[in-house]
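Morning, everyone. I'd like to walk through one model today, starting with its rings. Please bring up the structure.

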Amino acid sequence: MRLRMLLLALFGLVEGFVSPIDVVRGVSRRPVRVVPKASFETKAFEKEVIQLAGTTEEIVRGGRDLFDRLPKAFEGIEKIGVIGWGSQAPAQAQNLKESLEGTSIQVKIGLRRDSTSWSSAESVGFTEEDGGLGEMFETIKESDLVILLISDAAQAKLYKEIFQAMKPGATLGLSHGFLLGHLDSIGEKFPDDINVILVAPKGMGPSVRRLYEQGKSVNGAGINSSFGIHQDKTGKATDIALGWGIAIGSPFMFETTLTDEYKSDIYGERGILLGGVHGMVEALFRRYLAQSGDAASAFRRSCESITGAIAPAISKKGIKQLYQDLDDQAKNEFRTAYAASYLPSKEILQEIYDEVASGNEIRSVIMHGDRLEKYPIGKIDGTYTWTIGESVRDQRDDSQTPEIDGFTAGVYVAMMMAQIDVLQEARHSYTEIVNESVIEAVDSLCPYMHYKGVAFMVDNCSRTARLGARKWAPRFDYLIEQLAFTAIDSGATLDESLIDDFLNNPVHDAVAVCAELRPPVDISCEAPSTVKEKVIA
């Protein structure tokens, strides 16, 4: 009886009934006022004011025509040490080196002497002989800007030695706010005598490199980045951060805080970006397979529809226009799927956000790092879903665009909008909301899943992202099937207000503005590149 009441409540059929999901999540359909960030100052670049859904934000556009301003932005910096060689470091180091060509600023990789990545760094031109490669802590001691790109768990273990090695007045650069979250949780702080800045590309490292390479003939293309200034000891931190972001190829940069960044980023990758879409495809595939018995068709309707049709449509036209372009039958399928999937998705997403904000998810990542030697990260594409996907890709005719399945679109957009709404309710800026929930999903990550499957997408991200995706994907899979699909199959009536909320959500205006800032280049996973994507055998 209680399950039936919950399913009816999901569709608004019981007047005055508040579901347990609503109690935990605090559902509100009133518009949430997103708080814009305070103004920042730059001497090296021009700011631009944009209007997003009734809020005002400031951004800085990138472009290769700004590379001649990098020496001014990096004034006083002679050596940039890029520490690590994971997802982000190969891309950022190579982009920085090429963007600074012809200047006196050196880019040097810092690794452990016994690192298996030493030869990989050498293979793309960073050598000990020319001063471009060295031991990790020696590199930190020498560098004026230390870009720390080792894993989050390693940062949590080594931060004391790293801080001790840095020279006074140097700048610590992070591409993730995770370390701040860890320090806050244990009552510690960054040293007072350094700058602490953030430049966080809104995409996996390989996509940062590929789009930089592919944008060389069009004044640049790349992955948008957020930037944040946590400490400004020298008074130059903002320009250093902006110079760093422009040098790695960011089409535009928007301001955040390290706290907002780690909350939105760790949350987002566990949701629609990685974990959520993985769980969703598994659930959809099984449903379609049970309905038709045709495994190839089930994969095309679930995964291929998302990666090959839905994501590209959102990238070019926006979320709302995707729905409006559907025919009447597909719209009806979309509405049914959306109304059933929104609340189950939001229940998990709110839990994830709360886990991240409380520090629990950060502690989970660190503890998992302690177990990695005994329990290494395993494959995630061995199920029937993904083995069928291999054969579907082998038979794919790239001259034909996959069709948008209305039902699949409804489930996907419901999760995307639920993720957006959680961030709106937590008062993140619209630039952060759109980049963490929409742009990164459709422009950076889905193309990788379309090219070679879910593992190729997930496992070329950071270790924190990979662990989170594996942890939360099964939860999305379970609840979508147990709550959303069960509600549909029981014949519950559509709650039209959920669709009205979707169509009237202010985020659509913000998505449209951000789309206008999009570079004219789609990422190609097949184009020649110096980046070497990871494949777990």
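Is W386 buried or exposed? W386 is buried, because its relative accessible area is 2%. Buried here means under 20% relative accessible area, exposed over 50%, partly exposed in between, with a 1.4 Å probe and protein chains only.

Ground rules, quickly. This is a predicted model, where local features need pLDDT of at least 70, side-chain atom pairs count only at pLDDT 80 or more, and totals for chains, interfaces and linings use all residues. Residues are numbered from 1 along each chain as its sequence is written, and side-chain values use heavy atoms, with hydrogens and water left out.

Confidence next. pLDDT is the predictor's confidence in each residue, from 0 to 100. The protein's mean pLDDT is 91, and 93% of its residues reach 70 or more. Residues 1-31 have pLDDT below 50. Beyond near neighbours in sequence, that stretch still has 47 contacts in the model, a contact being heavy atoms within 4.5 Å. Where pLDDT is low, the predicted coordinates should not be read in detail.

Back to the rings. Rings of Phe, Tyr and Trp (its six-membered ring) pair if their centres lie within 6.5 Å; planes under 30 degrees apart are stacked, over 60 edge-to-face, and the rest tilted. The count is 18 aromatic pairs. Take F299 and W386: their ring centres are 5.8 Å apart and their planes at 85 degrees, so the pair is edge-to-face. This pair links distant parts of the chain, 87 residues apart. F299 is in helix 13 (residues 295-317), and W386 is in helix 17 (residues 384-394). Helices (H or I, at least four residues) and strands (E, at least two) are DSSP runs, numbered from the N terminus. F299 counts as buried, because its relative accessibility is 0%.

Now a stacked pair. Y338 and Y342 are 5.9 Å centre to centre, with 20 degrees between the planes. Both lie in helix 15 (residues 328-357), four residues apart, about one turn of the helix. An α-helix has 3.6 residues a turn, so residues three or four places apart point the same way. Both Y338 and Y342 are buried. Ring pairs also join them with Y323, F334 and F502 in a cluster.

Charges over rings. The rule: NZ of Lys or CZ of Arg within 6 Å of the ring centre and within 35 degrees of the ring normal. R64 has its charged end over the ring of Y212, 5.1 Å from the centre. K452 lies over the face of F456, 5.3 Å from the ring centre.

For C514, the nearest cysteine sulfur is that of C446, 18 Å away. The sulfur of C525 is 11 Å from its closest cysteine sulfur, also in C446, too far for a bond. C514 is buried at 3% relative accessible area, and C525 is buried at 9%.

Last, the backbone. Most residues other than glycine have a negative phi. A53 has a positive phi of about 50 degrees. A53 lies in the loop between strand 1 (48-52) and strand 2 (55-61), and is partly exposed at 22% relative accessibility. R427 has a phi near 65 degrees, in the loop between helix 18 (406-425) and helix 19 (430-452). At 42% relative accessibility, R427 is partly exposed. Thanks.

Technical notes
A disulfide is a pair of cysteine sulfur atoms within 2.5 Å.
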